[in-house]
Amino acid sequence: MATRRNRKRRRKTRRRSSALYKLLSIVLICVVLLIGSFVFFRVDTVQVEGNERYAAEEIIAASGVKQGDNLFGLNKLQIERDISAKLPYVGAVSVTRRLPATLRITIQESTAVAVVQSGEEWWLINSSCKLLERGDATLAEGRAQVYTLELLAPSVGKKMVVVEEQRSKYTQMAALLLALNEQGVATQVTDFIDVTADNEIRFGFRGELTVVVPMNADFAVKVLELCHTVESLEGQNIDLTGTLELTYGDGKAHLLPTRWLPDTQAADAPQEEAAVPASESPAVETEPAEKAG
């Protein structure tokens, strides 16, 4: 009996030793791999993709990455933040590792969609309301001007900040620009973006058209309505001129023959409009503006 008990104890001891040995082996392998990653995987090449405005050397310098840096010791999120902050026209950044010694930086550059005046200075913004560039009045030439938001401590590379009483309007304008950008039409905004009214946003579109949307609209829906309506009008060879009202809530876009502009009172004049179903492409009836009696 004693011999049998001793055999059982030895088997248990061997099992414990085997489990401990396996655990220690795993820990040792992890330590070796960790040390190896710091010793062997060092940056030899930095690849830059998607850049047009900035040279690859500028982007690498902004990243702070140097040849010989440990590939696994780099903070990818910090690199992305540094590039975006130092190079304002960079809209999106992605940093990836390619073993054994390559770091890839992929960027998407921003496009200016509007300009904001602050005192004697003019500031370009992208569809995310990031301040891209500061300049004089020449910067505004050929660009949509925002009416009228007051900037607070503007700085290139940062997002717009406005006075407290205008923050709600700024938030809605920013949402509108994002929706336009998602549909690929943000760069077709022209002349102006007017947020002076409490209940509407008015903006120029394609040079001859003014579009009016509710201030608190679902802009993803409204921009789709705009795109469908423009497609419908173009399909019927109707000129994109006048004022396109997307504020009625009846599922139709109302095309007024007279164009509203920030420096006119055209919107106050009585007009007849053509009702254009915003989500379809039916025939469109156009009517002349009502003549003054």
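A residue counts as buried when its relative accessible area is under 20%, as exposed when that area is over 50%, and as partly exposed in between. Keep this rule at hand for the exercises below, which explore a predicted model.

**Exercise 1. Explore the largest nonpolar core.**

Task: Which residues touch the most other members of the largest nonpolar core, and which element gives the most to this core?

Solution. 
- Step 1: Start with the members. The largest nonpolar core has 44 residues, and those touching the most other members are Ile125, Met160, Met173, Leu180, Ile193, Phe203 and Leu226.
- Step 2: See where the core comes from. Elements that each supply at least two residues include strand E5 (121-125), helix H4 (167-182), strand E8 (189-194) and helix H5 (219-235).
- Step 3: Pick out the main contributor. H4 gives the most to this core, with 7 residues.
- Step 4: Zoom in on Ile125. Not counting residues up to four places away in sequence, Ile125 has among its contacts Val113, Val116, Leu132, Val146, Met160, Met173 and Leu177.
- Step 5: Look beyond this core. A second, separate core has 25 residues, including Ile59, Tyr89, Val95 and Ala140.

**Exercise 2. Describe two helix pairs.**

Task: At what angle do H4 and H5 cross, and at what angle do H2 and H3 pack?

Solution. 
- Step 1: Recall what is needed. A pair of packed helices is described by the angle between their axes and the distance between the axes.
- Step 2: Take H4 and H5. Their axes cross at roughly 50° and come within 9 Å. This angle makes H4 oblique to H5.
- Step 3: The crossing of H4 and H5 is right-handed. H4 contributes Gln172, Ala175, Leu176, Ala179 and Leu180 to the contact, while H5 contributes Phe219, Ala220, Val223 and Leu226.
- Step 4: Sort those residues. The contact of H4 with H5 has 8 nonpolar, 1 polar and no charged residues.
- Step 5: Take the other pair. Helix H2 (residues 56-63) and helix H3 (residues 76-86) pack at about 120°, with their axes 8 Å apart. H2 and H3 are therefore oblique to each other.
- Step 6: Complete the description. The crossing of H2 and H3 is right-handed. Ile59, Ala62 and Ser63 of H2 meet Ile79, Asp82, Ile83 and Lys86 of H3, a set that divides into 4 nonpolar, 1 polar and 2 charged residues.

**Exercise 3. Find the backbone exceptions.**

Task: Which residues does the cis peptide bond with omega of about 15° join, and what is the phi of Asp191?

Solution. 
- Step 1: Most peptide bonds are trans, and most residues other than glycine have a negative phi.
- Step 2: Find the cis bonds. With omega of about 15°, the bond joining Leu99 and Pro100 is cis, and Pro100 lies in the loop between strand E2 (90-98) and strand E3 (102-109). The bond from Tyr147 to Thr148 is also cis, with omega near -25°; Thr148 is in the loop between strand E7 (145-147) and H4.
- Step 3: Find the positive phi values. Asp191, in strand E8, is not a glycine, yet its phi is positive at about 70°. Asn237, in the loop between H5 and strand E11 (242-245), has a positive phi near 60°.
- Step 4: Apply the opening rule again. Asp191 has a relative accessible area of 36% and so is partly exposed, whereas Asn237, at 71%, counts as exposed.

Methods:
Residues numbered from 1 in each chain as written. Predicted model: local features only at pLDDT ≥ 70, side-chain atom pairs only at ≥ 80, totals over all residues. Heavy atoms only, no water. Core = buried A, V, L, I, M, F, W, Y, C linked by side-chain atoms within 4.5 Å. Buried < 20%, exposed > 50% of the residue type's maximum accessible area, 1.4 Å probe, protein only. Helix = DSSP H or I, 4+ residues; strand = E, 2+ residues; numbered from the N terminus. Contact = heavy atoms within 4.5 Å. Axes fitted to C-alpha atoms, helices over the stretch in contact; angles between N-to-C directions. Parallel < 35°, antiparallel > 145°, perpendicular 65-115°, else oblique. Left-handed = near helix turned anticlockwise from the far one by under 90°. Nonpolar A, V, L, I, M, F, W, Y, C, P; charged D, E, K, R; others polar.
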